[in-house]
Amino acid sequence: MYGWRAKIGLITPMSENAEHAYHIYAPEGVTFSSMKITFPGPTPEGLMILTDQLEETAAKYRGYNLDLVVFGCTSGSCIRGAGWDQECIRRIERASGWPGLTTSTAVLESLRALGCKKVAVLTPYPDDTNQAEKEFLEDNGFEVTTIVGMDMSQFDGNGLEFEDADEYFLYQHAVRMDLKGADVFFLSCMGLTTMEIIDPLETAMGVPVVTSHQATLWSALRHCRVGAKLTGLGRLFAL
């Protein structure tokens, strides 16, 4: 029987990265079903359009047999400020009838579990979205020592295909980050391919590494009472 440990519904913008990563890295007995919402772009205005679709999409999970419904978008679940992630959860739960979770909530839980307080952040977002994410983290008790938006113009095609940014591109941008004063590095965005570079980044950077995919999987498993320790996914999954 599939999903004998947990069945998780996943709502993400138009990308297959999350499904691909979770089918590879999720422990045996955990399954994901997914639905997509239109992604107008990573600007604050685009992200608000994105999240306006959340409740309608979550409602499609009503009547399914699930343990959790996850809104898998970092910036979309924090764009309206502190508490917006919890409002997204309330909307998911009201519409679907199942417990909810967001990526930004998962990131907060991961940082707290690691005991980290000062975070250096790398994103594919424009400056206005970075400022919103910085304020969200700070309003939730973390010091953002630096936040850098990568130049993603080469991947900004018809579909804003951030997933086309390969491991080399992401790794090289990450290791050039200024980590002065930081006790953790956070690579933000569910549209990026990050699971494969977590361990190499921790070795190179000397601090714990949190990514949106990794944090969301870690938190979702624990919300479903699946306390698996997984190799290759950094210190977070060794807890």
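## Basis of the model

The model is predicted: local features need pLDDT of at least 70, side-chain atom pairs count only at pLDDT 80 or more, and totals for chains, interfaces and linings use all residues. Residues are numbered from 1 along each chain as its sequence is written, and side-chain values use heavy atoms, with hydrogens and water left out.

## The four-stranded sheet

Four strands form an open sheet in the order β6-β5-β7-β8, with parallel pairing. Strands (E, at least two residues) and helices (H or I, at least four residues) are DSSP runs, numbered from the N terminus; two strands pair if DSSP finds at least two bridges between them. The edges are held by β6 (143–149) and β8 (209–211), each with a single partner strand, so one side of each has no neighbour in the sheet. On average, neighbouring strands of this sheet are turned by 20° against each other, direction ignored.

Strand β5 (residues 118–123) is joined to β7 by four bridges, and the two run parallel. Opposite Val121 stands Phe186 in β7. Helix α6 packs on the sheet, where it touches β5, β6 and β7, and its direction makes about 160° with that of β6. Axes are lines fitted to C-alpha atoms, for helices over the stretch in contact, and angles run from 0 to 180 degrees between N-to-C directions. Contact means heavy atoms within 4.5 Å.

Leu68 lies in strand β3 and is buried, with a relative accessible area of 1%. Leaving aside neighbours within four places in sequence, the contacts of Leu68 include Lys7, Ile8, Gly9, Pro99, Leu101, Ala220 and Cys224.

Thr194 sits in the loop between β7 (184–187) and α8 (198–205). Thr194 is also buried, at a relative accessible area of 1%. Not counting residues up to four places away in sequence, Thr194 touches Leu187, Thr211 and His213. With Thr211 there is a polar contact between side chains (3.0 Å). A polar contact is a pair of N or O atoms within 3.5 Å; within protein, one must be able to donate a hydrogen and the other to accept it, and residues adjacent in sequence count only if both atoms are side-chain atoms.

Methods. Buried < 20%, exposed > 50% of the residue type's maximum accessible area, 1.4 Å probe, protein only.
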